[in-house]
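Hi there,

Here is the structure I promised to pass on. Please have a look at it, and then read on for my notes.

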Amino acid sequence: MTRTALLPAIARLSAALVLGLALAGCGRDDAAAARVAAEIQPGTTCSLDGMLLADYPGPKAQIHYQGAPAPEFFCDTVELFSMLLKPEQVRPVTAAYVQDMGRADWSHPQGHWILAQDGWYVLGSQKHGSMGPTIASFAQEADARRFAGDHGGRVLKFAEIKPEMVDLSGGAQHDQRM
């Protein structure tokens with residue numbers, strides 16, 4: 001294998017290893033997650049595009065990076081998975097949270113944070129989030145299956161979501177307010 005072919009492979013492996021090690025230590029229960037997850041405030045913005053989270057529907061997410069004083073928020077779970085699964089991600093993650101859409105209001109989600117790696121996800125539903133097509137997040141498998149039955153899509157666990165399933169290209173095309 002040439003050096004130019006080896007470097008991207010090492011980068012992907014390193015990112016996966018950092019993510020796996022960081023999230024492996026985050027096996028807390030829901031009460032612990034509620035104490036650690038930060039809440040969305042009226043002025044909370046998305047780390048990727050500056051959108052106000054409170055202005056948009058669908059599940060939100062946050063990543064806590066080692067050494068960072070505050071989490072980075074994302075207006076959509078697709079953005080969270082993009083940050084966690086892409087080979088460019090090398091910062092140590094201490095926790096990642098998503099909202100339990102089995103309990104949160106889809107139109108105005110607040111609270112109900114769960115550890116991302118413990119969630120059930122619905123990929124490919126007809127229900128859109130802030131950036132268009134989203135990956136709906138749930139604490140309970142039954143809620144995810146009910147959602148998929150109502151809105152389409154397939155139910156997956158965190159580890160089943162692969163980088164090729166995460167597409168950020170649709171966001172601006174679907175947001176009529178940008």
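Which charged end sits over the ring of Y65? That of R91, 3.6 Å from the ring centre. Please keep in mind that this is a predicted model. W120 has a charge over its ring as well: the charged end of K157 sits 4.5 Å from the centre.

As for I63, if you set aside its neighbours within four places in sequence, its contacts include P71, F74, L80, L84 and V93.

In one of them, F81 and F158 have ring centres 5.5 Å apart and planes at 40 degrees, so the pair is tilted. Because F81 lies in helix α3 and F158 in the loop between β7 (154-157) and α5 (171-174), this pair ties together parts 77 residues apart in sequence. F81 and F158 are both buried, and together with Y121 they form one aromatic cluster. The pair of F138 and F147 is tilted as well, since the ring centres are 5.2 Å apart with the planes at 50 degrees; both of these residues are buried.

Best wishes

Technical notes
Residues numbered from 1 in each chain as written. Predicted model: local features only at pLDDT ≥ 70, side-chain atom pairs only at ≥ 80, totals over all residues. Heavy atoms only, no water. Contact = heavy atoms within 4.5 Å. Phe/Tyr/Trp six-rings, centres within 6.5 Å; stacked < 30°, edge-to-face > 60°. Helix = DSSP H or I, 4+ residues; strand = E, 2+ residues; numbered from the N terminus. Buried < 20%, exposed > 50% of the residue type's maximum accessible area, 1.4 Å probe, protein only. Lys NZ or Arg CZ within 6 Å of the ring centre and 35° of its normal.
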